[in-house]
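Have the 3D view open and follow along.

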Amino acid sequence: MKVIASISEYEGSASASVYSYDRSNIIYMFVGCFLLMLWVIGGKKGFKSAIGLVFTFICIIYLFLPMLYKGYSPFLSAVVVIILITIVSLYLIDGISKKSVAAIIGTIIGVIIAGICAAGFGHIAKISGYNVSEVEELVFIASNTNLKVRGILFAAILIASLGAVMDVSMSIASTINEIYIHNNKIGKKELFKSGINVGRDMMGTMSNTLILAFTGGSINTLILNYAYALRYNQVINIYEVGIEIMQGVSGSIAIILSVPLVSIISAYLLTFERKKSVNSEICYD
């Protein structure tokens with residue numbers, strides 16, 4: 001068995017202990033299999049998606065975390081990272097097109113509005129970054145650096161909801177674009193209605209995805225609450241429960257808002273050139 005050893009030395013005497021099992025190679029193989037499957041099954045777009053995932057990881061580790069450590073606003077840092085990840089990821093998938101532009105704009109606006117809603121809820125409900133787990137360690141780090149603990153929670157909500165919102169935005173934009181390709185005489189209003197109708201079917205499933213994801217992350221807290229048979233007014237006022245509700249609802253708000261945003265932007269972009277060409281023909285005649 002291969003393990004990681006921790007060795008410390010003090011006044012000439014050394015002590016060693018087993019830190020953890022060495023699972024790095026297993027992790028690399030597991031991630032490698034995932035990226036390979038994404039490439040083989042997804043083809044060229046799957047390969048680009050894999051590049052997008054690597055880029056996202058690099059942005060989080062080498063851009064977002066250093067910005068927090070240097071004292072930048074967690075919320076603004078998250079917005080910068082979200083804009084960068086969204087643009088690069090959707091560009092890799094579909095290039096620069098009306099479809100990708102609509103998805104990019106809708107994703108960014110939807111996520112930012114949801115983050116603002118979460119911050120407003122946190123302010124009213126007295127929930128901040130100081131209510132999260134491991135806050136003692138974060139406060140200790142903040143005392144020796146420029147880290148701003150208060151806004152980390154809301155920055156995390158922005159990043160956590162980005163994937164689902166990007167998925168919905170691209171699906172809506174692709175659907176509207178496909179409808180327009182098969183019937184380029186369709187009007188802006190009809191395209192918008194089509195996007196809304198498709199989006200309504202996606203809202204419930206994607207909202208469930210976010211809610212279940214956050215619930216799964218707090219399953220230990222739920223088990224403890226159930227085991228101790230806490231009263232309802234105790235459970236609903238636990239910080240962890242409030243945070244999970246805030247995260248799930250805020251992410252769902254981002255999904256809901258992205259549907260009309262992407263629908264109206266896609267409908268406008270697709271019909272703009274046609275309207276422009278019609279006006280040119282009238283002026284020419």
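Reading from the N terminus, the elements of the protein chain go β-β-α-α-α-α-α-α-α-α-α, that is, 9 helices and 2 strands. Helices (H or I, at least four residues) and strands (E, at least two) are DSSP runs, numbered from the N terminus. The C-alpha atoms fill a box of roughly 95 × 45 × 35 Å along the principal axes.

This is a predicted model, with local features needing pLDDT of at least 70 and side-chain atom pairs pLDDT 80 or more, while totals for chains, interfaces and linings use all residues. Residues are numbered from 1 along each chain as its sequence is written, and side-chain values use heavy atoms, leaving out hydrogens and water.

**α1 against α2**
- Helix α1 (residues 24-69) packs on helix α2 (residues 74-94) at about 165 degrees, axes 9 Å apart; axes are lines fitted to C-alpha atoms, for helices over the stretch in contact, and angles run from 0 to 180 degrees between N-to-C directions.
- The two are therefore roughly antiparallel (over 145 degrees; under 35 is roughly parallel, 65 to 115 roughly perpendicular and the rest oblique).
- The contact residues split into 16 nonpolar, 5 polar and 3 charged. Here Ala, Val, Leu, Ile, Met, Phe, Trp, Tyr, Cys and Pro are nonpolar, Asp, Glu, Lys and Arg charged, and the others, Gly among them, polar.

**α2 against α3**
- Between α2 and helix α3 (residues 98-124) the angle is about 160 degrees, with axes 10 Å apart, so this pair is roughly antiparallel too.
- On the α2 side, the residues in contact (heavy atoms within 4.5 Å) include F75, V79, I82 and I83, and they meet a set in α3 that includes A103, I104, T107 and I108.
- That contact divides into 12 nonpolar, 4 polar and 2 charged residues.

**α2 against α5**
- The axes of α2 and α5 come within 9 Å and cross at roughly 20 degrees, which makes α2 roughly parallel to α5.
- Among the α2 residues here are P74, F75, A78 and V79, facing α5 residues including F154, L158, L162 and M166.
- By type, this contact has 16 nonpolar, 2 polar and 1 charged.

**α5 itself**
- Helix α5 (residues 152-182) has 31 residues, so at 1.5 Å a residue it should span 45 Å, and its end C-alpha atoms are 46 Å apart, which agrees (the expected span is 1.5 Å times one less than the number of residues).
- α5 has a kink of about 40 degrees centred on L162, the bend being the angle between axes fitted to the seven residues ending there and the seven starting there.
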